[in-house]
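Please read this briefing with the sequence and the 3D view side by side.

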Amino acid sequence: MLSSLARPASAALRRSFSTSAQNNAKVAVLGASGGIGQPLSLLLKNSPLVSRLTLYDIAHTTGVAADLSHIETKATVKGYLGPEQLPDCLKGCDVVVIPAGVPRKPGLDPARVNVPVIGGHAGKTIIPLISQCTPKVDFPQDQLTTLTGRIQEAGTEVVKAKAGAGSATLSMAYAGARFVFSLVDAMNGKEGVVECSFVKSQETECAYFSTPLLLGKKGIEKNLGIGKVSSFEEKMIAEAIPELKASIKKGEDFVKTMK
């Protein structure tokens, strides 16, 4: 009875995520038990693009997998626990998503509007290129400065609104799911799929930098680069680079300690 009652809602979700006839992607979520990993796994389980979903974390993944298995969509779900089970979790996967990380602490996204966001992931390393917004917009400098700061601190704003009880886990899970769906669409042959992502780059002196990417059957077809920017945005890029380089070094040093 519960299954029949739930079917109309899940059918609507399937329609909203259905963009390709080749719906057989095998996806792994590493960090699947966390605040972002769980809702991200839920969104992926509801997508007809995904045929197999494997979940990995250091705790609770069997419970998350058991919970998701009650959703009557086609994707099979299995949980894997601990480093010794990681190879089995990754075996045969087309896409691997890693939402694991350290939670943020306290310190407008309307439809049909696209603003490339380049640089990094936090604070002033988040650089919205409002000069490249489509449709075209124009703001006085004081409003532009305020809007840019609001975008850069959007995650902190959510943390404060939740009174320190959580971070922007739901919106970040949605963003992760959207990227996976775009990637799978491109792997299935859809053309013109563009998403911003933080990748190895030669766009700046930083080893990694987020820019718009054209996705294709083998992943990244082309890094579309930074493009033409305003003097205000050029200054933000210059100011972000030292902090971004320091963050990258921390990440690289952390990986070295894991070996």
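H121 counts as exposed because its relative accessibility is 59%; buried means under 20% relative accessible area, exposed over 50%, and partly exposed in between, with a 1.4 Å probe and protein chains only. The model is predicted, so local features need pLDDT of at least 70 and side-chain atom pairs count only at pLDDT 80 or more, while totals for chains, interfaces and linings use all residues. Residues are numbered from 1 along each chain as its sequence is written, and side-chain values use heavy atoms, leaving out hydrogens and water.

**Annotated positions**

- The UniProt record, an unreviewed entry, places the feature "active site" at H121; such annotations may be inferred rather than shown by experiment.
- H121 sits in the loop between β5 (117–119) and β6 (126–128); helices (H or I, at least four residues) and strands (E, at least two) are DSSP runs, numbered from the N terminus.
- For "binding site", UniProt (unreviewed entry) lists M172, a residue of helix α7 (residues 169–187).
- M172 counts as partly exposed because its relative accessibility is 26%.

**Strands and a crossover**

- Strand β2 (residues 50–57) pairs with strand β3 (residues 76–81) in the parallel sense over six bridges; two strands pair if DSSP finds at least two bridges between them.
- R52 has T76 in β3 as its bridge partner.
- Together, β2, helix α3 (residues 61–68) and β3 make a right-handed β-α-β unit; right-handed means that, with the strands pointing away from the viewer, the path from the first strand over the helix to the second runs clockwise.

**Salt bridges**

- There are five salt bridges in the structure, each defined as a side-chain nitrogen of Lys or Arg within 4 Å of a carboxyl oxygen of Asp or Glu.
- One of them joins E205 and K245, whose closest N and O atoms are 3.1 Å apart.
- This pair links distant parts of the chain, 40 residues apart: E205 is in the loop between β7 (193–200) and β8 (208–216), and K245 is in helix α8 (residues 231–258).
- E205 is exposed because its relative accessible area is 57%, whereas K245, at 37% relative accessibility, counts as partly exposed.
- K249 and D253 also form a salt bridge, at 2.8 Å from N to O.
- Both K249 and D253 lie in helix α8, four residues apart, which is about one turn of the helix.
- K91 forms a salt bridge with D88, with 3.6 Å between the closest N and O atoms.
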